[in-house]
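Open your viewer and get ready to select residues by number. We will go stop by stop.

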Amino acid sequence: MNFQIIQRRWLYVSLSILSLCLAVTITPTQASLQVPTHSLSSRNVNISNTESTNWLEQGRTLYHSGSFTEAVKIWQMAVKNYHNQGDRPNEALSLSYLSLAQQELNQWEAARQSIEQSVKILQTTKPSVDAIIWAQILNTQANLQLRTGKTETALEIWQQAQKYYEQAGDKMGSLGCQINQAQALQSLGFYRRSKQQLEALGQKLVAMPDSEIKVSGLRSLGLALHAIGDRNSQSVLEQSLATANQIAAKTQLSSILASLGKVASDLQDPEAALNYFEDAETSATNPNEALQARLARFKLLVDYNKLEYAIPLAPQLRQQLAELPPSHSSLGAAINFVATLNRLENPEQVLPSQESAQLMADTVKSAKKIQDGSAQAYALHEWAQLYSRKKQWTEAQELAKKSLSIAREIQADDLIAQSAWQVGKLYKQQGNRLEAITAYTEAVKSLKALRGDMVAVNPDVQFSFRESVEPVYRELVSLLLDDQPTQPALTQARELIESLQIAELDNFFREACLDKAQQIDKVDPTATVVYPIILSDRLGVIFSKAGQPLRYYSTPKSQAEIDQTLGNFLVALNPVSDSTIREKLSQQIYDWLIRPAEADQAFKDTKTLVFVLDGRLRNIPMAALYDGNQYLIEKYAVALSPGLQLMTAQSLQQNHIDAIVGGISESRAGFSALPAVESEVRQISQKVPSSTLLNRQFTSLALADQVKSSKANVVHLATHGQFSSRLEDTFLLTWDGQVNVKELSELLKNRSGNSSKAIELLVLSACDTASGDDRAVLGLAGLAVKSGARSTIATLWPVKDKAAQMLMTRFYDQLRQPKISKAEALRQAQINLIRKTDFHDPFFWSAFVLVGNWL
């Protein structure tokens with residue numbers, strides 16, 4: 001797990017640390033922002049003697065080098081001395097700096113006390129304090145509010161800070177505040193406002209004359225755009241680089257090139273990333289920059305299994321690490337280096353394990369010396385990993401427990417999750433199942449506590465989700481379902497499966513998703529909820545029906561075999577494939593998921609099967625599972641739930657249907673024409689009261705206006721769209737371009753905040769899932785949850801538009817019937833295609849899935 005990333009290293013910090021930009025640039029080690037050095041002057045703060053200057057200067061130097069504990073000591077001394085001198089502005093400023101260093105050390109209560117005392121001092125000496133000091137101190141306060149989950153307060157304080165920066169004539173500070181505000185707006189759900197603000201800032205920066213301020217501003221803007229998944233981040237960073245080269249801003253080149261390397265790596269362009277990291281190392285103006293660039297290059301080569309190029313770098317990195325004095329930054333680099341090695345199957349071929357172990361032992365010792373608790377815990381964790389690889393369980397457990405103990409002391413949930421997981425794995429390895437379950441449960445509890453911290457966290461966290469979050473849940477479920485699980489174990493396992501789905505969606509959106517509302521299995525007594533979970537050695541399935549004990553069945557199969565069968569079935573769904581092979585594969589999956597429970601009469605009185613799907617099962621249309629005689633949809637209505645407890649839905653029969661129907665039938669923006677969309681829109685608008693937006697009328701603005709002004713409870717969109725496991729690749733096509741999933745969700749929810757006006761049903765009848773993306777359906781689940789619609793119907797793959805038109809027309813016919821649920825209406829429309837049209841092949845009707853509330 002990446003040391004610097006998992007410390008909740010907010011990208012906002014790249015500019016909010018401008019409060020330290022008094023006489024010399026101070027920035028965090030991650031996403032560091034270089035700004036021009038200001039000279040000390042009365043404009044900032046009057047410092048009358050050399051000793052005073054030295055307190056602040058020494059602290060800034062230490063902070064900049066990552067020596068946060070030493071910086072705290074110096075600034076505590078500065079606070080005391082300024083207080084004794086009666087120098088209130090500098091006392092307040094020192095307290096603000098102190099709060100920043102305490103935040104870096106996860107000392108949240110101390111940081112809060114320092115900044116509150118700082119603000120209190122300013123309030124008592126208000127008339128005489130320069131605007132720049134107010135700006136810097138408010139900036140620190142906003143940063144703390146954000147990092148402790150108080151986003152709205154942070155936004156308000158940054159707005160105040162911006163005014164003071166402008167009053168002081170500090171353009172860079174003002175720009176920084178505006179970028180921070182845009183990212184805070186993102187985390188509050190105001191995506192379009194945030195994007196508009198960032199775009200406006202981009203235009204301002206581009207129009208500025210070339211300067212170091214412009215270079216820094218463009219780099220920070222690029223990082224902010226990258227954090228929210230905006231592909232324009234690369235071009236903005238390239239502008240920053242071009243400007244830096246133009247004005248020979250040599251001290252900024254390395255950090256910009258490293259940022260470009262990171263973006264290229266995230267965009268799966270390793271060659272470009274490698275070139276950027278090499279250039280970043282060549283351009284470095286200090287040893288730490290050179291080390292970070294070489295380390296990034298090393299990690300990239302390891303990730304892409306180019307060990308022949310990575311191996312020569314290892315001794316060079318080892319030497320560089322030995323030469324740097326202990327600091328938060330250098331210790332983090334050492335931990336990152338060993339963490340990268342620990343991810344290899346055979347790290348010995350890169351660096352002997354004794355050397356890695358010695359490096360971690362030295363790192364623990366140095367971390368103790370500079371009182372860096374988080375670095376100490378991380379180093380102990382990686383050191384324990386080295387012992388685990390050698391099967392030296394006792395030594396590994398001792399180190400892992402020490403790491404966990406420190407993590408608890410400093411109340412760092414990210415560290416607790418990692419260390420408790422490691423302790424749990426070691427107990428499991430030694431056959432101590434109960435102790436393992438206790439440790440795993442603590443790890444999951446800490447992961448849940450981190451939900452709010454996912455907001456706007458560096459997107460690097462996404463790479464670690466599949467490595468460091470998802471396995472914790474799966475391994476705990478596996479432990480709970482061993483042997484003959486009890487009802488409490490089944491209840492905990494079911495809750496974990498739901499929590500894993502929520503965690504995946506949080507990770508997808510880079511923020512906490514909707515909270516729970518109504519218990520999923522209490523919505524409908526005639527529904528049975530099916531929870532399949534793919535474990536390493538088996539496929540487990542839990543069945544939940546209101547008022548009945550949970551049932552559990554398992555099939556011993558390796559994950560590879562399960563994935564292979566699911567992949568083969570998806571290929572066989574193509575209508576040109578052999579139907580005999582398709583039916584055989586479909587029946588195999590039916591036997592795994594449905595038949596054991598069906599044989600036990602588990603579905604007696606069941607009308608609807610609700611699937612909370614896991615992994616690759618999400619790509620499989622459950623309606624098309626075949627029992628040898630008929631499809632599942634011919635026996636039950638089928639719905640999907642993203643694992644969230646559901647919002648209450650109103651019946652569309654009791655609550656009169658009023659629809660917005662939009663779509664694009666013409667070819668547009670490189671997407672093919674959908675000729676039958678025109679008749680689909682026309683026929684639906686004839687069946688239910690609706691307003692229509694077709695082709696040129698179907699713009700994002702027109703759709704937003706319709707949603708906001710009308711009382712429509714159904715929104716039906718027949719247009720190209722794509723679902724992906726990548727946020728930036730999930731979108732819907734309007735006449736004026738692509739609308740990403742976050743903007744679409746904000747648009748659909750923009751109804752004066754009145755939940756009684758919420759959209760009951762969102763229909764997307766011409767969407768596709770990203771090719772080669774086995775988690776693409778996550779984008780569909782994400783949109784279903786974030787749109788605020790009670791229910792969503794969408795397609796897993798593009799269906800012949802004539803078939804879509806027939807199915808959708810039939811669906812609305814059924815929906816108007818009394819006492820029929822949305823799931824049953826969709827079922828009847830699908831059965832109609834099976835039995836009464838030429839589109840009887842599952843390819844044409846099973847792509848349509850209902851997500852959310854099925855009533």
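The tour starts with the whole chain and then visits helices, salt bridges and loops.

**Before you start**

This is a predicted model, where local features need pLDDT of at least 70, side-chain atom pairs count only at pLDDT 80 or more, and totals for chains, interfaces and linings use all residues. Residues are numbered from 1 along each chain as its sequence is written, and side-chain values use heavy atoms, with hydrogens and water left out.

**Stop 1: the whole chain**

Show the protein chain as a cartoon. It holds 35 helices and 15 strands. These are DSSP runs, numbered from the N terminus: helices are H or I with at least four residues, strands are E with at least two.

The accessible surface comes to about 32,400 Å². Carbon and sulfur atoms account for 48% of it. Such areas come from the Shrake-Rupley method with a 1.4 Å probe; for residues, only the protein chains shown count as cover.

How many of the 855 residues are buried, as a percentage? The figure is 62%. Buried means under 20% relative accessible area, exposed means over 50%, and partly exposed is in between (1.4 Å probe, protein chains only).

Think about contacts too (heavy atoms within 4.5 Å). Among contacts with a separation of 6 or more, 69% join residues 24 or more positions apart.

**Stop 2: helix H18**

Select residues 328-342. This is helix H18, with 15 residues. Its expected span is 1.5 Å times one less than its number of residues. That gives 21 Å, and the end C-alpha atoms are 21 Å apart, which agrees. H18 is mostly covered: 15 of its 15 residues are buried.

**Stop 3: salt bridges**

A salt bridge here is a side-chain nitrogen of Lys or Arg within 4 Å of a carboxyl oxygen of Asp or Glu. The whole structure has 33 of them.

Begin with helix H21, residues 393-409. Select Glu398 and Lys402. They form a salt bridge, with the closest N and O atoms 3.9 Å apart. Both lie in H21, 4 residues apart, about one turn of the helix. Glu398 is partly exposed at 47% relative accessibility. Lys402 is partly exposed at 42%.

Next, select Arg408 and Glu442. Their side chains meet in a salt bridge at 2.8 Å, N to O. Arg408 lies in H21 and Glu442 in helix H23 (residues 433-449), so the pair ties together parts 34 residues apart in sequence. Arg408 is partly exposed, at 44% relative accessible area. Glu442 is partly exposed, at 23%.

Then select Glu495 and Lys448. Their closest N and O atoms are 2.8 Å apart in a salt bridge. Glu495 lies in helix H25 (residues 487-509) and Lys448 in H23, so this pair ties together parts 47 residues apart in sequence. Glu495 is partly exposed at 30%. Lys448 is partly exposed at 32%.

Finally, select Glu278, Glu281, Arg294 and Arg297. They are linked in a network of salt bridges.

**Stop 4**

Most residues other than glycine have a negative phi. Gln371 lies in the loop between helix H19 (353-369) and helix H20 (373-389).

Last, select Asp605. Its phi is also a positive value, near 65°. Asp605 lies in the loop between helix H28 (595-599) and strand S4 (608-611). Is Asp605 buried or exposed? It counts as exposed, at 60% relative accessibility.
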